[in-house]
Amino acid sequence: MQMDYGVVNAMIGRKVSETFWGTRTEHIIGVAAALAVADHGSAAVFQNILGKAISFADTPAAFVAHTFFFIFFGVIFYAGVDAISNPGNAGKRMTTFKEEIYHTYVGTNSAWFEPFVFPILAKVLGKAVKESWFWSSLVPATLAYSTVKGTGWNDWGNSGLNDLEKELNGLPL
């Protein structure tokens with residue numbers, strides 16, 4: 001499956017429709033940056049309220065709440081920047097933003113399980129996953145992203161592909 005990575009497509013010899021806005025590259029960079037900022041900000045707010053750093057082991061309820069808040073506000077921040085800055089949203093910026101708020105809320109409610117993934121994996125798989133960034137961070141975050149995206153955004157009708165991706169893969173527009 002060939003995807004629309006914008007300017008990266010040019011580097012690998014594929015057709016480019018847009019260099020950044022509306023591409024997978026915008027999404028990857030934008031969502032990751034927004035979630036990183038929101039994660040640190042939310043953790044700091046909870047630490048200020050509780051007087052100690054949060055963790056799933058020491059403050060499980062706060063950590064689960066933090067998970068919801070940082071995902072929700074991080075994706076909302078990304079959606080807001082995209083609604084305002086993406087030329088493809090011209091003339092429909094507020095409508096786009098409102099739709100993204102709804103999708104984000106629906107999707108974020110499915111990510112409640114994310115803090116439970118690593119402890120369960122560690123119990124089932126034992127030492128193989130202990131002290132591993134891959135198992136403790138990447139796997140839970142990837143599963144959470146999949147559920148947030150899968151339940152919040154209803155783009156299955158077009159397979160989640162934009163017009164360039166359909167063209168690149170020989171699919172009908």
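Mentor: From the N terminus on, the elements run α-α-α-α-α-α-α, with helices (H or I, at least four residues) taken as DSSP runs and numbered from the N terminus. This is a predicted model, where local features need pLDDT of at least 70, side-chain atom pairs count only at pLDDT 80 or more, and totals for chains, interfaces and linings use all residues. Residues are numbered from 1 along each chain as its sequence is written, and side-chain values use heavy atoms, leaving out hydrogens and water.

Trainee: How do you know that the span of α4 agrees with its 16 residues?
Mentor: The expected span is 1.5 Å times one less than the number of residues. For residues 93-108 that gives 22 Å, and the end C-alpha atoms are 22 Å apart, so the two agree.

Trainee: Which residues of α4 are buried, and which are exposed?
Mentor: Thr 96, His 103, Thr 104, Gly 107 and Thr 108 are buried, meaning under 20% relative accessible area, with exposed over 50% (1.4 Å probe, protein chains only). The buried residues of α4 fall within an arc of 120° seen down the axis, so they line one face; the arc is that of the directions from the helix axis to the C-beta atoms. On the other side, Met 94, Lys 98 and Tyr 102 are exposed.

Trainee: Why are α5 and α6 called oblique to each other?
Mentor: Their axes, lines fitted to C-alpha atoms over the stretch in contact, cross at roughly 130°. Angles under 35 degrees count as roughly parallel, over 145 as roughly antiparallel, 65 to 115 as roughly perpendicular and the rest as oblique, so α5 and α6 are oblique.

Definitions and conventions: Helix = DSSP H or I, 4+ residues; strand = E, 2+ residues; numbered from the N terminus. Axes fitted to C-alpha atoms, helices over the stretch in contact; angles between N-to-C directions.
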